[in-house]
Amino acid sequence: GKIAHVIINKLAQTGSPNGDGMGGSTKPDLKAEFNDVAHVRGIVSMARTMAPNRANAQFFIMLKGNSGLDGQYTVWGEVIEGMEFVDGLARGEPPRKPDKIVKLSVASDPPAE
């Protein structure tokens, strides 16, 4: 998908089906799973409407820390390599020429033994 929003020095948001920053998938919305992980640089969280249980397809990557988001969004990941590519995304809301996600890998913690 296209990177719909890159708010200068704050976050990069993507995941909208049409790459326009609007809407979600045809799947059911996700319930809030807020946690105490701080929204620091590289953290990945689910975007949502003003209603807490309305996360769906969109997510954002923090370019800079913002403690005002802590406890308000579901953190589900962290960029562990390649942050230089996130930093290089076109800026704007929406960018005039949005970048596209070519490859994204999500790794999970190994199972507990």
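How many salt bridges does a search of the whole structure find? The search finds two, a salt bridge being a side-chain nitrogen of Lys or Arg within 4 Å of a carboxyl oxygen of Asp or Glu. Before we look at them, some ground rules. This is a predicted model, where local features need pLDDT of at least 70, side-chain atom pairs count only at pLDDT 80 or more, and totals for chains, interfaces and linings use all residues. Residues are numbered from 1 along each chain as its sequence is written, and side-chain values use heavy atoms, with hydrogens and water left out.

So how confident is the predictor? The score is pLDDT, the confidence in each residue from 0 to 100. The chain averages 84, and 85% of the residues score at least 70. Among the elements, strand β3 (residues 43-46) has the highest mean, 95, while strand β1 (residues 3-7) has the lowest, 62. Helices (H or I, at least four residues) and strands (E, at least two) are DSSP runs, numbered from the N terminus. Where pLDDT is low, the predicted coordinates should not be read in detail.

Now for those bridges. One joins R54 to D29, with the closest N and O atoms 2.5 Å apart. R54 sits in the loop between β3 and β4 and D29 in the loop between β2 and β3, so the pair ties together parts that are 25 residues apart in sequence. Both ends are partly exposed, R54 at a relative accessible area of 43% and D29 at 32% (buried is under 20%, exposed over 50%, partly exposed in between, with a 1.4 Å probe and protein chains only).

The other bridge pairs R41 with D87, their closest N and O atoms being 2.6 Å apart. It links distant parts of the chain, with R41 in the loop between β2 and β3 and D87 in helix α1, 46 residues apart.

The loop between β2 and β3 also holds T26, which is exposed at 82% relative accessible area. The C-alpha atoms of T26 and N56 are separated by 8.8 Å, though the two are 30 residues apart along the chain.

A pocket is an open set of points on a 1 Å grid over the protein atoms alone, where a 1.4 Å probe fits, with protein on both sides within 12 Å along at least five of seven lines; lining residues have an atom within 4 Å of a point. The largest pocket is lined by 29 residues, with V79, E81, K103, L104 and S105 nearest its centre.

Terms used
pLDDT is the predictor's confidence in each residue, from 0 to 100.
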